[in-house]
Amino acid sequence: MRTKLIILLSVLAGGLLAWNLHTIFLKVPDEASQGAVFRVFYFHFPAAVTSFSCFFVAMFSGLVYLRTRNLRYDAAAAAINEVAFTFALITLITGMIWGRIIWGIWWAWDPRITSYFICLLMYFGYFMMRRAIDEPHRRARLSAVLSVLASVDIVIVWKSIEWFRTQHPGPVLEIRGGGGMAPGMEAPLFWNVLAFLMLETALILVRMRQQSIQSEIESLRRYAHAF
Amino acid sequence: MDRNFEYMFYGFTAAWLIVIIYVIWIALRERRLRDELDRVKRMLEDQEREAKK
């Protein structure tokens with residue numbers, strides 16, 4: 001059942017991404033002041049939105065672990081955070097490439113980018129910590145706490161362009177009070193959000209399946225040692 | 001489409017590269033885990049056979 005769902009989500013995500021790339025490259029015109037490079041936004045924004053959503057889901061999974069002490073929730077949180085981290089990295093790298101040509105610099109220590117960098121460092125620490133602790137419940141407890149702390153930083157990243165004057169552009173989309181995009185330019189962005197969500201869900205399901213295999217290996221090992 | 005095309009290309013290449021590298025890493029891990037599971041199951045079967053003798 002899970003394998004079928006993974007295949008279905010992967011095929012749907014792949015098809016939607018192919019259709020979106022066709023639209024982005026062949027239908028959407030160049031942005032007047034930025035030229036072709038503005039198209040990076042079609043990957044930068046969906047990667048940011050979906051990775052942040054996943055980080056929040058992982059945080060709730062961690063909280064459910066703290067309440068139930070069921071390690072399955074901790075395993076799910078770790079799988080979700082790992083996939084979300086990969087997509088957060090896409091956000092950072094594509095943003096740097098866009099900044100190099102539009103701002104003339106790779107990096108600026110402004111509130112949005114700095115808080116984002118801190119967020120990635122916190123999740124990097126999360127994975128390092130998980131590797132360092134062997135006792136499953138201690139690892140799960142500390143992971144859940146770190147996940148909650150990192151989520152606070154995500155809110156700061158999200159709101160930083162409203163709270164501070166930043167090098168990073170302010171809200172673009174109308175739903176966040178920005179000026180909006182030209183007709184026909186906004187729709188592919190939201191389709192890409194959906195495609196990224198499906199791709200990330202498929203990857204999370206694969207990681208969760210791998211964690212089940214890992215648990216099976218560990219329980220079989222324990223059984224073998226009991227002989 | 002020509003203005004700043006080069007950096008658009010870099011941006012999309014970087015994004016796809018990260019996804020592809022992650023998918024390959026996951027696939028390799030899946031294969032390693034399945035090999036390990038087979039090995040542990042075989043080891044357990046051998047142990048059970050030895051115990052019956």
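The model is predicted, and local features need pLDDT of at least 70, side-chain atom pairs count only at pLDDT 80 or more, while totals for chains, interfaces and linings use all residues. Residues are numbered from 1 along each chain as its sequence is written, and chains are lettered from A and ligands numbered from 1 in the order in which they are written.

Let me start with chain B, which has one helix and zero strands, where helices (H or I, at least four residues) and strands (E, at least two) are DSSP runs numbered from the N terminus. Its radius of gyration is 23 Å, well over the 10 Å that the globule rule gives for 53 residues, so chain B is more spread out than a compact globule; the radius is taken over C-alpha atoms, and the rule is 2.2 Å times the number of residues to the power 0.38. Along the principal axes, the C-alpha atoms of chain B fill a box of roughly 75 × 10 × 5 Å.

Turning to the interface, 30 residues of chain A are in contact with 26 residues of chain B, contact meaning C-beta atoms, placed from the backbone, within 7 Å. On the chain A side, the elements giving two or more residues are α3 (71-102) and α6 (187-225), and α6(A) supplies the largest share, twelve residues.

Finally, helix α2 (residues 41-68) of chain A has 28 residues and reaches 40 Å from first C-alpha to last, close to the 40 Å expected, that is, 1.5 Å times one less than its number of residues. Just after α2(A), A:Arg69 takes a positive phi of about 60°.

Definitions and conventions: Contact = placed C-beta atoms within 7 Å.
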